Amino acid sequence: MRLLQLVQRQAGIARRKAKALIDRGEVRLDGELVLDPFQEVDPEAVRELEVQGRRVPLERKEPVVYKLYKPREMLSSLYDPKYPHTVGRLLRRRGLQGLGLAIAGRLDRDAEGLLLLTNDGELVNLLTHPRYEVEKVYHVAIPRLLPYRHIYEIFRKMQRGVRDEGERLRIRRGRIVRRTKDGTVLELVLTEGKKHEVKRLIRHFKLPLERLVRVAHGPVTLGSLKPGELTRLTAPERAALESLKKRLYSTGSKAR
Ligand code: URA
């Protein structure tokens, strides 16, 4: 196993964060400073792992994954000194603060829907790193009846990619979920995870945005979860994530 994976797994943090800590010299193995994130380590032989001056327990943490319907106005953060309505507060209320859960891909405060939470740092990385191209599916409510021609033109342009603040934003595909006189709901499938990407795409076409809901992340869907509900993944959902992990690790060597 690589040092990076050990730190991710035992400290329950994302790959990027683990790498930054190793690069900054904040990780010690058996008392020695280690600076190469790709150094091979035998987890059975390690006696002590220290991250930012603190000893990290070495027993194998059982990986757990939860899904949450983040309601509007809840902050996708474990703690915020200025705003108490956070995912972290919900975890503390449910007595889950000791599991070392991290949020795999945040949602804006005014967005809602599926958030995956896990103590499996590798999984966080797989679900969020753009190189793995894991699909995130959003439903976007636009309070306007849009002509079909206009919608398909928008999808075409979004698939080709639009430029915004020096970045190219694009969707993998789109479809119409609902179209009534009161408004239009579009489904957009994205794989990159850029900041405010859906809002920026919608703004590019000068459309108003009433509601933004993430309905799926990789193979896991929001299903019948209600706003504020948090539940452990079912066995089939866990199995779907495991097979995604296997598939991405066997083909997605770009990020290794
Ligand atoms: N795109 C956004 O603009 N906001 C989100 O919260 C998620 C995707």
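Contact here means heavy atoms within 4.5 Å. By that rule, glutamate 192 touches Thr128, Pro130, Lys136, Arg168, Arg170 and Glu197, leaving aside residues up to four places away in sequence. The structure is a predicted model. The domain assignment of the chain gives domain 1 (3-55), domain 2 (65-131 + 219-250) and domain 3 (135-217).

**Domain 2 and domain 3**

- The centres of domain 2 and domain 3, taken over C-alpha atoms, are separated by 23 Å.
- Domain 2 brings 21 residues to the contact, and domain 3 brings 14 residues.
- The size of an interface is often expressed as the accessible area lost when the parts come together.
- For domain 2 and domain 3, the area buried between them is about 1300 Å², with 40% of it on carbon and sulfur atoms.
- Asp108, Glu112 and Leu114 account for 33% of the area that domain 2 buries against domain 3, more than any other three residues.
- Three salt bridges are found across the interface of domain 2 and domain 3.
- A salt bridge joins the side chains of glutamate 112 and arginine 211, at 2.9 Å from N to O.

**The largest pocket**

- The largest pocket holds about 1200 Å³ of space.
- Its lining is made up of 43 residues, of which Ser76, Ile103, Gly105, Arg106 and Thr128 are the closest to the centre of the pocket.
- Among the elements that give two or more residues to this lining are helix H1 (3-11), helix H2 (15-23), helix H4 (121-128) and helix H6 (197-204).
- By class, the lining has 19 nonpolar, ten polar and 14 charged residues.

**Position of glutamate 192**

- Glutamate 192 is placed in the loop between strand E12 (183-190) and H6.
- Alanine 45 lies 147 residues from glutamate 192 along the chain, and the C-alpha atoms of the two are separated by 37 Å.

Conventions. Residues numbered from 1 in each chain as written. Predicted model: local features only at pLDDT ≥ 70, side-chain atom pairs only at ≥ 80, totals over all residues. Heavy atoms only, no water. 1 Å grid on protein atoms, 1.4 Å probe; cavity = no way out; pocket = protein on both sides within 12 Å on 5 of 7 lines; lining within 4 Å. Points joined across faces, edges and corners; volume = space filled by probe spheres on them. Helix = DSSP H or I, 4+ residues; strand = E, 2+ residues; numbered from the N terminus. Nonpolar A, V, L, I, M, F, W, Y, C, P; charged D, E, K, R; others polar. Domains from an automatic or database assignment. Buried area = accessible area lost by both parts, 1.4 Å probe. Salt bridge = Lys/Arg side-chain N within 4 Å of Asp/Glu carboxyl O.
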